[in-house]
Amino acid sequence: MSQHEWDGRPLAGACLGLIVLGAPPAEAPRSLHLVAACSTESRCVVAPDRLGDFLRVHHDAVLACHDVGRVFWSIADHLRLANDAEAIAVLWKYPKTNRLADVGLLDQLVALAELGVESPYRSLAKLTATYDAADTGVEHETGSPDDGAAGTPWATLDPVVVNDAVRDAGAVLSLYEVLIARAPSVTEDRVARGRAAAGSLTP
């Protein structure tokens, strides 16, 4: 459906930026439409029925995202509905080994360390504007990045929505790299807590 569709090969790089598009939170069970991923060298979209394989192939990567709780549980719910216990186990290893990062939480930790202030959790658009990340143009100031995908099957998703998701995954990765580069001013404990933001989740 897309020139960006994942071909089954690992994406080069130790860290991947992720964007998840799914149904609105009011819908239950949660419906996952696609995952967009970006590494330093390539980017792709992952069909829902290949998500388990994607996680298995990238089991040793760092996953960077925005709004880690929504991303984690959207993926976990999808894998549970697919009865993919192996992929669920792989998913849980990310937070348990400090390899699940939330750029919004890292932004808050950097602000606390550098400025001594507790800043609010900021949107992806505001973060890219603040840090001048390489991928700009994120347009999700209001509503949810899922809005354009709500109720739409994978095969018929608007190419614009797909391309925006891929671009946003690139923005997340760029933000992660910018924030980690500033992390020397943050204590190791705080960085670990930012990377393992989902570590307190319970299965």
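Guide: We take the sheet, then one arginine, then salt bridges. This is a predicted model, in which local features need pLDDT of at least 70 and side-chain atom pairs pLDDT 80 or more, while totals for chains, interfaces and linings use all residues. Residues are numbered from 1 along each chain as its sequence is written, and side-chain values use heavy atoms, without hydrogens and water.

Visitor: In what order do the strands of the sheet lie?

Guide: Strands are DSSP runs (E, at least two residues; helices are H or I, at least four) numbered from the N terminus, and two strands pair if DSSP finds at least two bridges between them. Here the order is β3-β2-β1-β4-β5, an open sheet with mixed pairing. Strands β3 (43-46) and β5 (100-102) are at the edges with a single partner strand each, so one side of each lacks a neighbour in the sheet. Parallel pairing joins β1 (residues 15-22) to β4 (residues 62-65) over three bridges.

Visitor: Is Arg 99 buried or exposed?

Guide: Buried means under 20% relative accessible area, exposed over 50%, partly exposed in between (1.4 Å probe, protein chains only). Arg 99 is buried and sits in the loop between α3 (85-96) and β5. A salt bridge needs a side-chain nitrogen of Lys or Arg within 4 Å of a carboxyl oxygen of Asp or Glu. Arg 99 has none; Asp 60, the nearest side chain of opposite charge, is 6.1 Å away. The Arg 99 side chain does reach the backbone oxygen of His 59 at 3.0 Å.

Visitor: How many salt bridges does the whole structure have?

Guide: There are nine. One of them joins Arg 122 to Asp 107 at 2.9 Å, N to O. Arg 122 lies in the loop between α4 (103-115) and α5 (124-131) and Asp 107 in helix α4, so the pair ties together parts 15 residues apart in sequence. Asp 107 is buried at 2% relative accessibility, whereas Arg 122 is partly exposed at 22%.

Definitions and conventions:
Lys, Arg positive; Asp, Glu negative; His and termini not counted. Polar contact = N/O pair within 3.5 Å; in protein donor to acceptor, adjacent residues only side chain to side chain.
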